[in-house]
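Please look over the sequence and the model below before reading on.

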Amino acid sequence: MVRFLVKRGLITSIALCVCWFLYNGLSINPKKFLGNTKEDEYQYISTTKYKLLNISSNERRTKHDLPKHSSQSKHNRAKLWEKEMTSNDLIQRLQKVRKSYQSMNTYKVKFQGTINQQHNPHELLCQLKHRVNLTTLKSSDLPDSARFWSQYLPNKDIHEVVGKLRQCAVVSSAGSLKGSRLGQEIDSHDAVLRFNAAPTKEFEIDVGSKTTFRLINSQVVTRVDHHFLENRIYKDMILIMWDPAPYDADIYQWYKKPEFKFFEPYRKYRIANPKQPFYILKPQTLWQLWNIIQENSPELIQPNPPSSGSIGILLMMNICDEVNVYEFLPSLRRTDRCYYFKPYFDSACTFGAYHPLIYEKNVFKKLNLGTKEDVYKKGKVTLSGLRQCLP
């Protein structure tokens, strides 16, 4: 029978059909992707739309594959954020992705403001203070139908519970932290914020061991591969979660259709850990911040929510007198390695794809009170708390 089928080429045809089905089935639906963040989801989709990104650490890449600055001397690389970055500084692949997201406009953004507003640092600081209402959800903000999980929300806003802190650190997950030996400096801060599942164990020399706050996106809470309910990495600290809504949606509209259905895992986690503070940011906060980033950018940016990095920085600026941010703006160690704790390589992790990352970095570079030397050597940006914006 097999010889009969081979003779007529039917086995080859069936094999080709199966391969075609698997290829399309795995590449069209991004919901099946199991990356860490939306940025990872972009990387997954782009493997079929543009080029393979997840390369092994011992592979060599051509000059064409690297960001424009990576092939230059260390002196020029040090000037990566000396000027305001625009889409012209992106490699062609990321330029295409940016335009694609603008065409998709998933969150139905209808920006009515003016771009390229040349605000000075103090004006920008005051905009962030007065226009971004960075508060957390309470049960009273939600309809009665949400009581099955909203009853477990903290009764007080995060600012009421935490109070005011003096000096805080925000530690990115960037691959350039590997080998930095910044751990002791990071741990010297009164409070430290980290992101998603970024670990400290076995990386203490570079990133420290202290974690006061952990900002997580709703994918971390909902996806089974993160083992959110069991993983010890999320315990013994203050958790803050965010989940995006459409641009003009209010809380009721967001509740009816969250991006990820985190309600049940949130409820289970709170029952199991009733004494651990676990806050959820109001979804409008993301777009209030996005508006300011767009207004202070020289061109139209991706109509997608800001990155966890920017959200976390602004959260700490609300709470602390001074915030030191590590490797959000890249140092001389800048690499295409996305994370210090795993070997995944893509320049999108520095320059952005899903998130309008270069424009976010432009904003916080403008607010930097530290030295260029700190940025180049440590990837360290020093920001004043929002209380420094006097009425």
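A residue is called buried under 20% relative accessible area, exposed over 50% and partly exposed in between, with a 1.4 Å probe and protein chains only. The model is predicted, and local features need pLDDT of at least 70, side-chain atom pairs count only at pLDDT 80 or more, and totals for chains, interfaces and linings use all residues. Residues are numbered from 1 along each chain as its sequence is written, and side-chain values use heavy atoms, with hydrogens and water left out.

**Asparagine 291**

- Asparagine 291 has a relative accessibility of 17%, so it counts as buried, and it lies in helix H14 (residues 284–295), where helices (H or I, at least four residues) and strands (E, at least two) are DSSP runs numbered from the N terminus.
- The side chains of asparagine 291 and tyrosine 247 are joined by a polar contact of 2.7 Å, that is, a pair of N or O atoms within 3.5 Å, of which, within protein, one must be able to donate a hydrogen and the other to accept it, while residues adjacent in sequence count only if both atoms are side-chain atoms.
- Apart from residues up to four places away in sequence, asparagine 291 touches Phe111, Arg131 and Tyr247, contact meaning heavy atoms within 4.5 Å.

**Aromatic pairs**

- The whole structure holds 21 aromatic pairs, counted when ring centres of Phe, Tyr and Trp (its six-membered ring) lie within 6.5 Å, with planes under 30 degrees apart taken as stacked, over 60 as edge-to-face and the rest as tilted.
- The rings of phenylalanine 228 and phenylalanine 278 have centres 5.9 Å apart and planes at 55°, so this pair is tilted.
- Phenylalanine 228 lies in the loop between helix H11 (218–222) and strand S4 (238–242) and phenylalanine 278 in strand S5 (residues 278–280), so the pair ties together parts 50 residues apart in sequence.
- Phenylalanine 228 is buried at a relative accessible area of 3%, and phenylalanine 278 is buried at 0%.
- The rings of tyrosine 266 and phenylalanine 278 have centres 4.7 Å apart and planes at 55°, so this pair is also tilted.

**Nonpolar cores**

- The largest nonpolar core has 65 residues, a core being a set of buried Ala, Val, Leu, Ile, Met, Phe, Trp, Tyr and Cys residues joined through side-chain atoms within 4.5 Å.
- Helix H15 (residues 308–319) gives the largest share of this core, 7 residues.
- A second, separate core of 25 residues includes Leu153, Ile216, Val220 and Phe278.
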